[in-house]
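I opened a new page for this one. These are my notes, in the order I looked things up.

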Amino acid sequence: MGLLGSLSMLHLLMWLFWLPRSGSSQLINDFSMVAARALDVLLQDYAYLAFDRPRIRTGVIYDGKVPSNLTGIKVSGLRLRSGSLRSRGVKTYKEFRIPVGVVEKPYVERLVLVYQNLGNWSARYYELPGYIYLAPVLGLLAYNASNLSATNLPELDIKASGQPISISFSNVKPLPVGSSAKCVSIDLQGSLNFSSVLSDNTCTTFQQGHFSIVTESIAPSPAPTVHHKGKKNKSKVWIIVGSVAGGLVLMFLLGLLIVCVRKYKRRRKMQQMERAAEVGEALQMTKVGSTKAPAATVTRTQPTLETEYRP
């Protein structure tokens, strides 16, 4: 069943899956479409793997299994005769109801309708800027069923010639207050088409592709500018008050430091003088001419004549 080819496609898919996204318009952007188309190829392979059993019954839904790194995506296959599809349609195929009058091009004797439910991967593969998904993206694609071992098959072009194909979505998210829901269909070239949602969350289409229900995202309203200006003015006032108070405190601390230094120097000088007094008595100074010189405080012994002591 081309398992090697599937693994190669899986690697390509995951590489494309993590590529950075660019902006988009009314078309899905190129990177998203490349990844989405690679996913279609991979899911076709896993849908055909579901037919790998001894006996395959026409008109019976076979659910496939996806790899663990794509958990959340569901895929199924339904093999039909082209004549039966055109004359009888399909009453219920998952969420799809296919009326009579659906034809395919080019004509094949048997075809397989591959069902996709992208679940929580919807917004990743089909990103719609400005919109929110209220339901998962569902896909319906047709392939040739002549060889159920084939991989990388091109899609057949199927169209409803009478009544449209209907899609009844289940588990639709609640609609945000003040918004409206829209059906969106995405064809295989990435073109978008929006239409009204019918009763019971139903959308319609005349061709194959991918479908969902969306609503426009509402951007949060900006806060009043006057309120922000008031906050800014208050902030400026507190900054000024804090700066003035800080300057006054700094000046007070500087003055206190100067006083302490002066007191320390005066105390240090007094201690030096006390130590000098304890060591010895200071000599008196006397003026001799234009200079000062130390002078003795006690008169030395006066000289006497030798004749004064003669007997």
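How many of the 311 residues of the protein chain count as buried? I got 33%, with buried meaning under 20% relative accessible area, exposed over 50% and partly exposed in between (1.4 Å probe, protein chains only).

Before going on, I noted that this is a predicted model, where local features need pLDDT of at least 70, side-chain atom pairs count only at pLDDT 80 or more, and totals for chains, interfaces and linings use all residues. Residues are numbered from 1 along each chain as its sequence is written, and side-chain values use heavy atoms, with hydrogens and water left out.

**Entry: the whole chain**

I counted 5 helices and 16 strands in the protein chain; these are DSSP runs numbered from the N terminus, helices being H or I with at least four residues and strands E with at least two. I then looked up the accessible surface, which comes to about 20500 Å², and 59% of that belongs to carbon and sulfur atoms. Those areas come from the Shrake-Rupley method with a 1.4 Å probe, and for residues only the protein chains shown count as cover. For contacts (heavy atoms within 4.5 Å), I took the pairs at least 6 apart in sequence and found that 69% of them join residues at least 24 apart.

**Entry: salt bridges**

I found 6 salt bridges in the structure, each one a side-chain nitrogen of Lys or Arg within 4 Å of a carboxyl oxygen of Asp or Glu. Side chains of opposite charge can pair when their charged atoms come close.

I started with Arg37, which meets Asp40 in a salt bridge at 2.7 Å, N to O. Both sit in helix α2 (residues 30-49), and because they are 3 residues apart, about one helical turn separates them. Asp40 is buried at 1% relative accessible area, while Arg37 is partly exposed at 24%.

Arg37 also has a salt bridge to Glu155, at 2.9 Å, N to O. Glu155 lies in the loop between β8 (138-144) and β9 (157-160) and Arg37 in helix α2, so this pair ties together parts 118 residues apart in sequence. I wrote down Arg37, Asp40 and Glu155 as a network of salt bridges.

Next I checked Lys94 and Asp63, whose side chains meet at 3.1 Å, N to O. This pair links distant parts of the chain, 31 residues apart: Lys94 is in the loop between β3 and β4, and Asp63 is in strand β1 (residues 61-63). Lys94 is partly exposed at 36%, and Asp63 is partly exposed at 48%.

**Entry: Glu95**

Not counting residues up to four places away in sequence, Glu95 touches several others, among them Tyr115, Asn117 and Leu138.

**Entry: Gln116**

Is Gln116 buried or exposed? I have it as buried, at 0% relative accessibility. Gln116 lies in strand β6 (residues 110-117). Leaving aside neighbours within four places in sequence, its contacts include Asp40, Lys74 and His210. I also noted that Gln116 and Lys74 are 42 residues apart in sequence but 5.8 Å apart in space, C-alpha to C-alpha.
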